[in-house]
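Here is a walk through one protein model. Keep the sequence and the 3D view side by side as you read.

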Amino acid sequence: MSGSRAARVLAGVVLGMALGLVELVFLCVAWPACLVPAARPAVVRGLDRLMALERARLSGWLGHEVARRDGGYGFLAARAALGVLGGYLCAAGLFLGGLLLVGGLWDLAWGRAEPVPVNLPGVRIVTSSGLLGLTGGAVLLALVALMTLAVGSLERRLADHFLGPGSHELMRRRIAELTATRSGIVRAVDDERRRIERDLHDGVQQRGVALAMLLGRARHSADPGATTELVAQAYTESRQLLDELRSVAWRIYPTALDELGLRAALAGVADRSSVPVTVHDGLAGRPVSEVETALYFVAREAITNAIKHAGARDILVVLTEDERAVSVVISDDGSGGADPAGGGLSGLARRVLAMDGDFTVESPPGGPTKIAATLPKTPPGGSPEAPETVPGPSGGVSGAAPSGPRTGSSGSGTGSSRPRAESSGSGAGSRRSGAGSSGPGMASSSGSGSGAGASCG
(Lines give C-alpha, C1' and ligand atoms only; values in the text may rest on other atoms or scores of the structure.)
Protein backbone atom coordinates (compact mmCIF):
# COMPACT_ATOMS: atom_id res chain seq x y z
CA MET A 1 0.00 0.00 0.00
CA SER A 2 1.34 3.45 -0.94
CA GLY A 3 2.02 6.16 1.60
CA SER A 4 -0.82 8.34 0.36
CA ARG A 5 -3.26 5.44 0.58
CA ALA A 6 -2.11 4.66 4.13
CA ALA A 7 -2.52 8.32 5.04
CA ARG A 8 -6.07 8.34 3.65
CA VAL A 9 -6.94 5.20 5.61
CA LEU A 10 -5.49 6.76 8.77
CA ALA A 11 -7.53 9.90 8.21
CA GLY A 12 -10.63 7.77 7.57
CA VAL A 13 -10.13 5.82 10.79
CA VAL A 14 -9.58 8.98 12.85
CA LEU A 15 -12.63 10.56 11.22
CA GLY A 16 -14.52 7.37 12.05
CA MET A 17 -13.67 7.87 15.71
CA ALA A 18 -15.31 11.29 15.72
CA LEU A 19 -18.27 9.98 13.72
CA GLY A 20 -18.51 7.01 16.06
CA LEU A 21 -18.92 9.31 19.02
CA VAL A 22 -21.77 11.08 17.24
CA GLU A 23 -23.34 7.72 16.38
CA LEU A 24 -23.14 6.52 19.99
CA VAL A 25 -24.87 9.67 21.18
CA PHE A 26 -27.49 9.31 18.44
CA LEU A 27 -28.19 5.66 19.36
CA CYS A 28 -28.55 6.51 23.02
CA VAL A 29 -31.12 9.17 22.12
CA ALA A 30 -32.83 7.38 19.22
CA TRP A 31 -33.81 4.15 20.95
CA PRO A 32 -35.96 5.80 23.63
CA ALA A 33 -37.15 8.43 21.11
CA CYS A 34 -38.58 5.68 18.89
CA LEU A 35 -41.13 5.00 21.60
CA VAL A 36 -42.64 8.43 20.93
CA PRO A 37 -44.58 8.38 17.62
CA ALA A 38 -44.08 12.08 17.02
CA ALA A 39 -40.28 11.73 17.24
CA ARG A 40 -39.94 8.82 14.85
CA PRO A 41 -39.69 10.89 11.63
CA ALA A 42 -36.82 12.90 13.10
CA VAL A 43 -35.07 9.71 14.18
CA VAL A 44 -35.40 8.26 10.67
CA ARG A 45 -33.98 11.45 9.14
CA GLY A 46 -31.06 11.35 11.55
CA LEU A 47 -30.41 7.72 10.72
CA ASP A 48 -30.43 8.47 6.99
CA ARG A 49 -27.98 11.36 7.42
CA LEU A 50 -25.58 9.27 9.49
CA MET A 51 -25.75 6.47 6.94
CA ALA A 52 -25.02 8.97 4.17
CA LEU A 53 -21.97 10.22 6.10
CA GLU A 54 -20.78 6.64 6.62
CA ARG A 55 -21.11 5.83 2.92
CA ALA A 56 -19.21 9.00 2.03
CA ARG A 57 -16.44 8.15 4.53
CA LEU A 58 -16.16 4.58 3.30
CA SER A 59 -16.01 5.68 -0.31
CA GLY A 60 -13.83 8.78 0.03
CA TRP A 61 -11.31 7.73 2.68
CA LEU A 62 -11.35 3.92 2.76
CA GLY A 63 -11.96 3.39 -0.97
CA HIS A 64 -14.92 1.04 -0.41
CA GLU A 65 -18.22 1.31 -2.24
CA VAL A 66 -21.31 -0.28 -0.72
CA ALA A 67 -24.21 -1.83 -2.60
CA ARG A 68 -27.08 -1.05 -0.24
CA ARG A 69 -28.18 2.29 1.13
CA ASP A 70 -29.67 0.98 4.36
CA GLY A 71 -27.96 -0.68 7.27
CA GLY A 72 -30.17 -0.02 10.24
CA TYR A 73 -29.27 0.48 13.85
CA GLY A 74 -27.23 -2.72 13.95
CA PHE A 75 -24.63 -1.32 11.56
CA LEU A 76 -24.45 1.99 13.40
CA ALA A 77 -24.01 0.26 16.76
CA ALA A 78 -21.24 -2.07 15.55
CA ARG A 79 -19.57 0.69 13.51
CA ALA A 80 -19.67 3.17 16.40
CA ALA A 81 -18.07 0.70 18.82
CA LEU A 82 -15.34 -0.22 16.33
CA GLY A 83 -14.80 3.39 15.30
CA VAL A 84 -14.46 4.72 18.82
CA LEU A 85 -12.19 1.92 20.03
CA GLY A 86 -10.06 1.70 16.91
CA GLY A 87 -9.82 5.43 16.45
CA TYR A 88 -8.88 5.97 20.08
CA LEU A 89 -6.11 3.34 19.93
CA CYS A 90 -4.73 4.77 16.67
CA ALA A 91 -4.88 8.36 17.92
CA ALA A 92 -3.28 7.44 21.25
CA GLY A 93 -0.52 5.45 19.54
CA LEU A 94 0.10 8.27 17.07
CA PHE A 95 0.34 10.81 19.89
CA LEU A 96 2.70 8.69 22.02
CA GLY A 97 4.86 7.76 19.03
CA GLY A 98 5.19 11.39 17.98
CA LEU A 99 5.96 12.40 21.55
CA LEU A 100 8.77 9.84 21.80
CA LEU A 101 10.22 10.88 18.46
CA VAL A 102 10.17 14.58 19.27
CA GLY A 103 11.62 13.97 22.73
CA GLY A 104 14.40 11.78 21.40
CA LEU A 105 15.35 14.30 18.70
CA TRP A 106 15.29 17.12 21.27
CA ASP A 107 17.65 15.25 23.60
CA LEU A 108 20.05 14.38 20.79
CA ALA A 109 19.98 17.89 19.31
CA TRP A 110 20.68 19.68 22.61
CA GLY A 111 22.98 17.08 24.07
CA ARG A 112 20.75 16.35 27.03
CA ALA A 113 20.55 12.62 26.42
CA GLU A 114 21.42 10.54 29.45
CA PRO A 115 23.03 7.09 29.37
CA VAL A 116 20.55 4.28 29.92
CA PRO A 117 21.83 0.77 30.72
CA VAL A 118 19.89 -2.07 29.14
CA ASN A 119 20.41 -5.43 30.81
CA LEU A 120 19.52 -8.48 28.73
CA PRO A 121 20.23 -12.14 29.51
CA GLY A 122 23.98 -12.40 29.07
CA VAL A 123 24.24 -8.98 27.47
CA ARG A 124 24.60 -5.49 28.96
CA ILE A 125 24.11 -2.50 26.64
CA VAL A 126 24.46 1.16 27.52
CA THR A 127 22.53 3.50 25.23
CA SER A 128 21.14 7.00 25.45
CA SER A 129 17.64 8.17 26.25
CA GLY A 130 17.45 10.00 22.92
CA LEU A 131 18.09 6.83 20.90
CA LEU A 132 15.61 4.92 23.02
CA GLY A 133 13.01 7.63 22.38
CA LEU A 134 13.62 7.51 18.60
CA THR A 135 13.51 3.71 18.52
CA GLY A 136 10.40 3.48 20.67
CA GLY A 137 8.64 6.18 18.66
CA ALA A 138 9.46 4.50 15.32
CA VAL A 139 8.25 1.11 16.57
CA LEU A 140 5.08 2.64 17.98
CA LEU A 141 4.35 4.50 14.73
CA ALA A 142 4.84 1.27 12.77
CA LEU A 143 2.39 -0.48 15.10
CA VAL A 144 -0.05 2.40 14.64
CA ALA A 145 0.21 2.04 10.86
CA LEU A 146 -0.50 -1.69 11.07
CA MET A 147 -3.35 -1.08 13.50
CA THR A 148 -4.79 1.54 11.17
CA LEU A 149 -4.76 -0.87 8.24
CA ALA A 150 -6.37 -3.55 10.44
CA VAL A 151 -9.11 -1.18 11.61
CA GLY A 152 -9.71 -0.08 8.00
CA SER A 153 -10.00 -3.71 6.92
CA LEU A 154 -12.45 -4.39 9.77
CA GLU A 155 -14.45 -1.33 8.70
CA ARG A 156 -14.75 -2.71 5.16
CA ARG A 157 -15.69 -6.18 6.39
CA LEU A 158 -18.32 -4.67 8.66
CA ALA A 159 -19.73 -2.69 5.73
CA ASP A 160 -19.80 -5.84 3.59
CA HIS A 161 -21.69 -7.71 6.30
CA PHE A 162 -24.36 -5.09 6.92
CA LEU A 163 -24.46 -3.19 3.62
CA GLY A 164 -23.39 -5.85 1.12
CA PRO A 165 -20.13 -6.08 -0.85
CA GLY A 166 -18.93 -3.06 -2.78
CA SER A 167 -19.20 -2.63 -6.52
CA HIS A 168 -15.53 -3.47 -7.10
CA GLU A 169 -15.82 -6.61 -5.00
CA LEU A 170 -18.97 -7.65 -6.84
CA MET A 171 -17.24 -7.10 -10.17
CA ARG A 172 -14.20 -9.09 -9.05
CA ARG A 173 -16.37 -11.99 -7.89
CA ARG A 174 -18.38 -11.92 -11.09
CA ILE A 175 -15.27 -11.95 -13.28
CA ALA A 176 -13.82 -14.87 -11.31
CA GLU A 177 -17.12 -16.75 -11.57
CA LEU A 178 -17.44 -16.14 -15.31
CA THR A 179 -13.85 -17.25 -15.89
CA ALA A 180 -14.40 -20.46 -13.95
CA THR A 181 -17.74 -21.28 -15.58
CA ARG A 182 -16.39 -20.54 -19.07
CA SER A 183 -13.55 -23.01 -18.64
CA GLY A 184 -16.00 -25.45 -17.07
CA ILE A 185 -18.30 -25.25 -20.09
CA VAL A 186 -15.36 -25.94 -22.42
CA ARG A 187 -14.48 -29.04 -20.38
CA ALA A 188 -18.11 -30.14 -20.34
CA VAL A 189 -18.34 -29.83 -24.14
CA ASP A 190 -15.14 -31.84 -24.57
CA ASP A 191 -16.45 -34.54 -22.22
CA GLU A 192 -19.71 -34.70 -24.16
CA ARG A 193 -17.86 -35.07 -27.45
CA ARG A 194 -15.81 -37.92 -26.03
CA ARG A 195 -18.98 -39.60 -24.79
CA ILE A 196 -20.64 -39.31 -28.19
CA GLU A 197 -17.54 -40.73 -29.87
CA ARG A 198 -17.51 -43.63 -27.41
CA ASP A 199 -21.21 -44.35 -28.02
CA LEU A 200 -20.71 -44.34 -31.78
CA HIS A 201 -17.57 -46.46 -31.61
CA ASP A 202 -18.85 -49.04 -29.14
CA GLY A 203 -22.41 -49.30 -30.45
CA VAL A 204 -23.17 -48.01 -33.94
CA GLN A 205 -19.80 -48.89 -35.45
CA GLN A 206 -19.93 -52.45 -34.16
CA ARG A 207 -23.43 -52.89 -35.59
CA GLY A 208 -22.24 -51.51 -38.92
CA VAL A 209 -19.31 -53.92 -39.03
CA ALA A 210 -21.58 -56.87 -38.24
CA LEU A 211 -24.03 -55.78 -40.96
CA ALA A 212 -21.23 -55.47 -43.52
CA MET A 213 -19.94 -58.94 -42.63
CA LEU A 214 -23.39 -60.50 -43.01
CA LEU A 215 -23.95 -58.84 -46.38
CA GLY A 216 -20.48 -59.92 -47.51
CA ARG A 217 -21.18 -63.53 -46.56
CA ALA A 218 -24.54 -63.41 -48.34
CA ARG A 219 -22.91 -61.98 -51.46
CA HIS A 220 -20.35 -64.78 -51.70
CA SER A 221 -22.65 -67.62 -50.61
CA ALA A 222 -23.55 -70.15 -53.31
CA ASP A 223 -26.34 -71.76 -51.29
CA PRO A 224 -29.69 -69.94 -51.85
CA GLY A 225 -31.01 -71.09 -48.49
CA ALA A 226 -27.94 -69.81 -46.65
CA THR A 227 -28.14 -66.55 -48.60
CA THR A 228 -31.76 -66.06 -47.56
CA GLU A 229 -30.86 -66.71 -43.93
CA LEU A 230 -27.91 -64.28 -44.06
CA VAL A 231 -30.09 -61.58 -45.65
CA ALA A 232 -32.65 -62.05 -42.90
CA GLN A 233 -29.93 -61.71 -40.28
CA ALA A 234 -28.62 -58.61 -42.08
CA TYR A 235 -32.13 -57.14 -42.03
CA THR A 236 -32.41 -57.77 -38.28
CA GLU A 237 -28.98 -56.26 -37.77
CA SER A 238 -29.95 -53.19 -39.81
CA ARG A 239 -33.02 -52.71 -37.61
CA GLN A 240 -30.85 -52.95 -34.53
CA LEU A 241 -28.42 -50.48 -36.11
CA LEU A 242 -31.27 -48.00 -36.66
CA ASP A 243 -32.42 -48.51 -33.10
CA GLU A 244 -28.87 -47.88 -31.86
CA LEU A 245 -28.60 -44.71 -33.95
CA ARG A 246 -31.95 -43.51 -32.66
CA SER A 247 -30.88 -44.23 -29.08
CA VAL A 248 -27.62 -42.31 -29.54
CA ALA A 249 -29.50 -39.37 -31.06
CA TRP A 250 -31.97 -39.41 -28.16
CA ARG A 251 -29.12 -39.39 -25.63
CA ILE A 252 -27.53 -36.42 -27.38
CA TYR A 253 -30.74 -34.37 -27.43
CA PRO A 254 -34.34 -35.64 -27.45
CA THR A 255 -36.60 -34.03 -30.02
CA ALA A 256 -39.52 -34.27 -27.59
CA LEU A 257 -37.85 -31.69 -25.37
CA ASP A 258 -38.34 -28.99 -28.01
CA GLU A 259 -41.62 -30.20 -29.45
CA LEU A 260 -43.53 -31.45 -26.41
CA GLY A 261 -41.72 -29.97 -23.43
CA LEU A 262 -39.85 -31.06 -20.35
CA ARG A 263 -42.53 -33.40 -19.00
CA ALA A 264 -42.74 -35.39 -22.20
CA ALA A 265 -38.95 -35.67 -22.39
CA LEU A 266 -38.78 -36.88 -18.78
CA ALA A 267 -41.59 -39.32 -19.57
CA GLY A 268 -39.31 -40.74 -22.25
CA VAL A 269 -36.56 -41.13 -19.68
CA ALA A 270 -39.01 -42.90 -17.36
CA ASP A 271 -40.06 -45.26 -20.15
CA ARG A 272 -36.48 -46.28 -20.79
CA SER A 273 -35.74 -46.73 -17.11
CA SER A 274 -35.49 -50.23 -15.67
CA VAL A 275 -36.89 -49.04 -12.32
CA PRO A 276 -40.03 -47.03 -11.54
CA VAL A 277 -39.57 -43.28 -12.00
CA THR A 278 -42.19 -40.90 -10.61
CA VAL A 279 -42.38 -37.39 -12.06
CA HIS A 280 -44.17 -34.62 -10.15
CA ASP A 281 -44.52 -31.64 -12.45
CA GLY A 282 -45.25 -28.44 -10.53
CA LEU A 283 -44.46 -26.03 -13.37
CA ALA A 284 -47.17 -23.65 -14.49
CA GLY A 285 -45.68 -23.39 -17.98
CA ARG A 286 -42.62 -24.17 -20.02
CA PRO A 287 -39.35 -22.53 -18.96
CA VAL A 288 -37.09 -20.87 -21.50
CA SER A 289 -35.19 -23.24 -23.74
CA GLU A 290 -31.82 -23.00 -21.97
CA VAL A 291 -33.34 -23.63 -18.55
CA GLU A 292 -35.54 -26.44 -19.81
CA THR A 293 -32.57 -28.18 -21.43
CA ALA A 294 -30.42 -27.87 -18.31
CA LEU A 295 -33.18 -29.25 -16.08
CA TYR A 296 -33.68 -32.18 -18.43
CA PHE A 297 -30.03 -33.21 -18.51
CA VAL A 298 -29.72 -32.86 -14.74
CA ALA A 299 -32.70 -35.17 -14.23
CA ARG A 300 -31.56 -37.67 -16.86
CA GLU A 301 -28.01 -37.90 -15.56
CA ALA A 302 -29.22 -38.28 -11.97
CA ILE A 303 -31.62 -41.06 -12.99
CA THR A 304 -28.89 -42.83 -14.97
CA ASN A 305 -26.46 -42.66 -12.04
CA ALA A 306 -29.10 -43.92 -9.60
CA ILE A 307 -29.79 -46.97 -11.75
CA LYS A 308 -26.25 -47.70 -12.88
CA HIS A 309 -24.21 -47.03 -9.73
CA ALA A 310 -26.53 -46.85 -6.71
CA GLY A 311 -28.85 -49.80 -7.42
CA ALA A 312 -31.93 -47.68 -6.78
CA ARG A 313 -35.36 -49.34 -6.74
CA ASP A 314 -37.45 -46.18 -6.85
CA ILE A 315 -36.70 -42.70 -8.18
CA LEU A 316 -38.63 -39.47 -7.64
CA VAL A 317 -38.31 -36.36 -9.83
CA VAL A 318 -39.94 -33.14 -8.56
CA LEU A 319 -40.19 -29.98 -10.65
CA THR A 320 -41.08 -26.75 -8.84
CA GLU A 321 -40.92 -23.03 -9.50
CA ASP A 322 -41.37 -19.69 -7.80
CA GLU A 323 -41.33 -16.10 -9.00
CA ARG A 324 -37.65 -16.12 -9.94
CA ALA A 325 -36.35 -19.67 -10.25
CA VAL A 326 -37.14 -23.17 -11.50
CA SER A 327 -35.91 -26.21 -9.58
CA VAL A 328 -35.61 -29.94 -10.10
CA VAL A 329 -34.94 -32.39 -7.27
CA ILE A 330 -34.12 -36.04 -7.96
CA SER A 331 -34.10 -38.45 -5.05
CA ASP A 332 -33.62 -42.21 -4.95
CA ASP A 333 -33.39 -45.01 -2.40
CA GLY A 334 -30.07 -46.35 -3.66
CA SER A 335 -26.83 -47.03 -1.83
CA GLY A 336 -25.64 -43.41 -2.01
CA GLY A 337 -22.01 -42.38 -2.11
CA ALA A 338 -22.33 -40.29 -5.29
CA ASP A 339 -19.18 -38.24 -5.95
CA PRO A 340 -19.95 -34.62 -6.93
CA ALA A 341 -16.49 -34.45 -8.53
CA GLY A 342 -17.28 -37.36 -10.86
CA GLY A 343 -17.42 -36.84 -14.60
CA GLY A 344 -21.20 -36.78 -14.99
CA LEU A 345 -22.14 -34.75 -11.92
CA SER A 346 -19.27 -32.28 -12.29
CA GLY A 347 -20.32 -31.63 -15.89
CA LEU A 348 -23.87 -30.94 -14.75
CA ALA A 349 -22.58 -28.63 -12.01
CA ARG A 350 -20.56 -26.65 -14.56
CA ARG A 351 -23.59 -26.37 -16.83
CA VAL A 352 -25.83 -25.15 -14.00
CA LEU A 353 -23.27 -22.70 -12.61
CA ALA A 354 -22.74 -21.23 -16.07
CA MET A 355 -26.40 -20.16 -15.94
CA ASP A 356 -26.08 -18.59 -12.48
CA GLY A 357 -27.79 -21.55 -10.88
CA ASP A 358 -27.19 -23.68 -7.79
CA PHE A 359 -26.31 -27.38 -7.89
CA THR A 360 -26.19 -29.56 -4.78
CA VAL A 361 -25.56 -33.25 -4.20
CA GLU A 362 -26.49 -34.98 -0.94
CA SER A 363 -25.46 -38.62 -1.07
CA PRO A 364 -24.24 -40.09 2.22
CA PRO A 365 -22.94 -43.68 2.16
CA GLY A 366 -25.89 -46.01 2.39
CA GLY A 367 -28.23 -43.46 0.83
CA PRO A 368 -30.56 -41.96 0.08
CA THR A 369 -29.30 -39.62 -2.64
CA LYS A 370 -30.76 -36.20 -3.37
CA ILE A 371 -29.59 -34.08 -6.31
CA ALA A 372 -31.04 -30.59 -6.75
CA ALA A 373 -30.58 -27.88 -9.35
CA THR A 374 -32.07 -24.39 -9.20
CA LEU A 375 -31.92 -22.10 -12.22
CA PRO A 376 -33.15 -18.53 -12.70
CA LYS A 377 -36.13 -18.23 -15.00
CA THR A 378 -34.22 -15.71 -17.08
CA PRO A 379 -30.71 -17.01 -17.86
CA PRO A 380 -27.77 -14.59 -18.05
CA GLY A 381 -28.12 -12.49 -21.19
CA GLY A 382 -31.33 -14.32 -22.12
CA SER A 383 -34.89 -13.23 -22.75
CA PRO A 384 -37.50 -13.76 -20.04
CA GLU A 385 -39.98 -15.02 -22.61
CA ALA A 386 -40.76 -18.73 -22.70
CA PRO A 387 -40.15 -20.77 -25.85
CA GLU A 388 -42.87 -21.08 -28.42
CA THR A 389 -45.37 -23.76 -27.51
CA VAL A 390 -46.98 -26.25 -29.84
CA PRO A 391 -50.79 -26.33 -29.80
CA GLY A 392 -52.32 -29.72 -29.13
CA PRO A 393 -55.38 -31.23 -30.75
CA SER A 394 -57.79 -29.65 -28.27
CA GLY A 395 -56.33 -26.18 -28.53
CA GLY A 396 -54.23 -26.61 -25.37
CA VAL A 397 -50.48 -26.32 -25.08
CA SER A 398 -48.50 -29.40 -25.93
CA GLY A 399 -46.12 -30.35 -23.20
CA ALA A 400 -48.16 -28.80 -20.39
CA ALA A 401 -48.23 -30.87 -17.25
CA PRO A 402 -51.28 -33.15 -17.07
CA SER A 403 -52.86 -33.61 -13.70
CA GLY A 404 -51.68 -36.48 -11.57
CA PRO A 405 -48.16 -37.89 -11.97
CA ARG A 406 -47.71 -41.55 -12.65
CA THR A 407 -44.75 -43.83 -12.31
CA GLY A 408 -42.85 -45.22 -15.24
CA SER A 409 -41.09 -48.51 -15.84
CA SER A 410 -40.03 -49.99 -19.15
CA GLY A 411 -40.97 -53.47 -18.13
CA SER A 412 -44.02 -53.02 -15.94
CA GLY A 413 -46.15 -50.69 -17.99
CA THR A 414 -46.45 -48.20 -15.13
CA GLY A 415 -44.85 -45.46 -17.20
CA SER A 416 -45.47 -41.78 -16.70
CA SER A 417 -48.42 -40.53 -18.63
CA ARG A 418 -46.69 -39.10 -21.70
CA PRO A 419 -48.10 -37.30 -24.73
CA ARG A 420 -48.05 -39.52 -27.80
CA ALA A 421 -46.47 -38.04 -30.91
CA GLU A 422 -49.34 -39.22 -33.07
CA SER A 423 -51.91 -37.51 -30.82
CA SER A 424 -50.09 -34.25 -30.13
CA GLY A 425 -50.92 -32.70 -33.47
CA SER A 426 -47.32 -31.54 -33.87
CA GLY A 427 -46.20 -34.05 -36.46
CA ALA A 428 -43.31 -35.09 -34.25
CA GLY A 429 -42.83 -38.38 -36.07
CA SER A 430 -45.16 -41.02 -37.51
CA ARG A 431 -45.56 -44.52 -36.17
CA ARG A 432 -43.10 -46.85 -37.88
CA SER A 433 -44.47 -49.85 -39.68
CA GLY A 434 -42.89 -53.18 -38.99
CA ALA A 435 -41.57 -52.02 -35.63
CA GLY A 436 -43.34 -54.69 -33.64
CA SER A 437 -40.08 -56.30 -32.59
CA SER A 438 -38.54 -53.16 -31.21
CA GLY A 439 -40.10 -53.43 -27.74
CA PRO A 440 -41.50 -50.76 -25.46
CA GLY A 441 -38.30 -48.74 -25.39
CA MET A 442 -38.44 -48.07 -29.11
CA ALA A 443 -42.15 -47.37 -29.07
CA SER A 444 -41.36 -44.70 -26.50
CA SER A 445 -38.69 -43.28 -28.78
CA SER A 446 -41.19 -42.90 -31.58
CA GLY A 447 -43.82 -41.54 -29.24
CA SER A 448 -41.49 -38.87 -27.86
CA GLY A 449 -40.79 -37.49 -31.26
CA SER A 450 -37.23 -38.78 -31.62
CA GLY A 451 -38.05 -41.40 -34.21
CA ALA A 452 -36.76 -41.13 -37.73
CA GLY A 453 -40.25 -41.34 -39.20
CA ALA A 454 -39.04 -43.65 -41.98
CA SER A 455 -40.80 -46.83 -43.02
CA CYS A 456 -38.52 -49.82 -42.50
CA GLY A 457 -40.67 -52.74 -43.50
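Leu-143 is found in helix 4. Helices here (H or I, at least four residues) and strands (E, at least two) are DSSP runs, numbered from the N terminus. The model is predicted, so local features need pLDDT of at least 70 and side-chain atom pairs count only at pLDDT 80 or more, while totals for chains, interfaces and linings use all residues. Residues are numbered from 1 along each chain as its sequence is written, and side-chain values use heavy atoms, with hydrogens and water left out.

Stay with Leu-143. Its relative accessible area is 47%, which makes it partly exposed. Buried means under 20% relative accessible area, exposed over 50%, and partly exposed in between (1.4 Å probe, protein chains only). Gly-93 sits 50 residues away from Leu-143 along the chain, yet their C-alpha atoms are separated by 8.0 Å.

Now look at how helix 4 packs. Two packed helices are described by the angle between their axes and the distance between the axes. Axes are lines fitted to C-alpha atoms, for helices over the stretch in contact, and angles run from 0 to 180 degrees between N-to-C directions. Helix 3 and helix 4 (residues 129-163) pack at about 165 degrees, with axes 7 Å apart. That makes helix 3 roughly antiparallel to helix 4. The cut-offs are these: under 35 degrees is roughly parallel, over 145 roughly antiparallel, 65 to 115 roughly perpendicular, and the rest oblique. By class, the contact of helix 3 with helix 4 has 24 nonpolar, 13 polar and three charged residues. Here Ala, Val, Leu, Ile, Met, Phe, Trp, Tyr, Cys and Pro count as nonpolar, Asp, Glu, Lys and Arg as charged, and the others, Gly among them, as polar.

Helix 1 (residues 3-33) also packs on helix 4, at an angle of about 65 degrees and with the axes 9 Å apart. The two are therefore roughly perpendicular to each other. Leu-27 lies in helix 1. At 3% relative accessibility, Leu-27 counts as buried. Its C-alpha atom is 9.4 Å from that of Ala-80, 53 residues apart along the chain.

Which tryptophans form a tilted pair? First, the rule: rings of Phe, Tyr and Trp (its six-membered ring) pair if their centres lie within 6.5 Å; planes under 30 degrees apart count as stacked, over 60 as edge-to-face and the rest as tilted. By this rule there are three aromatic pairs. One of them is tilted and joins Trp-106 and Trp-110, at 5.5 Å centre to centre and 40 degrees between the planes. These residues are four apart in helix 3 (residues 72-110), so about one helical turn separates them. Trp-106 is partly exposed at 45%, and Trp-110 is exposed at 55%.

Next comes the largest nonpolar core, with 37 residues. Such a core is a set of buried Ala, Val, Leu, Ile, Met, Phe, Trp, Tyr and Cys residues joined through side-chain atoms within 4.5 Å. Val-317, Val-328, Ile-330 and Phe-359 touch the most other members. Helix 9 gives the most to this core, with 10 residues.

Finish with the backbone. Most residues other than glycine have a negative phi, and most peptide bonds are trans. Asp-356 is not a glycine, but its phi is positive, about 60 degrees. Asp-356 lies in the loop between helix 10 and strand 6. A cis peptide bond joins Gly-367 and Pro-368, with omega about -5 degrees. Pro-368 is in the loop between strand 6 (358-362) and strand 7.
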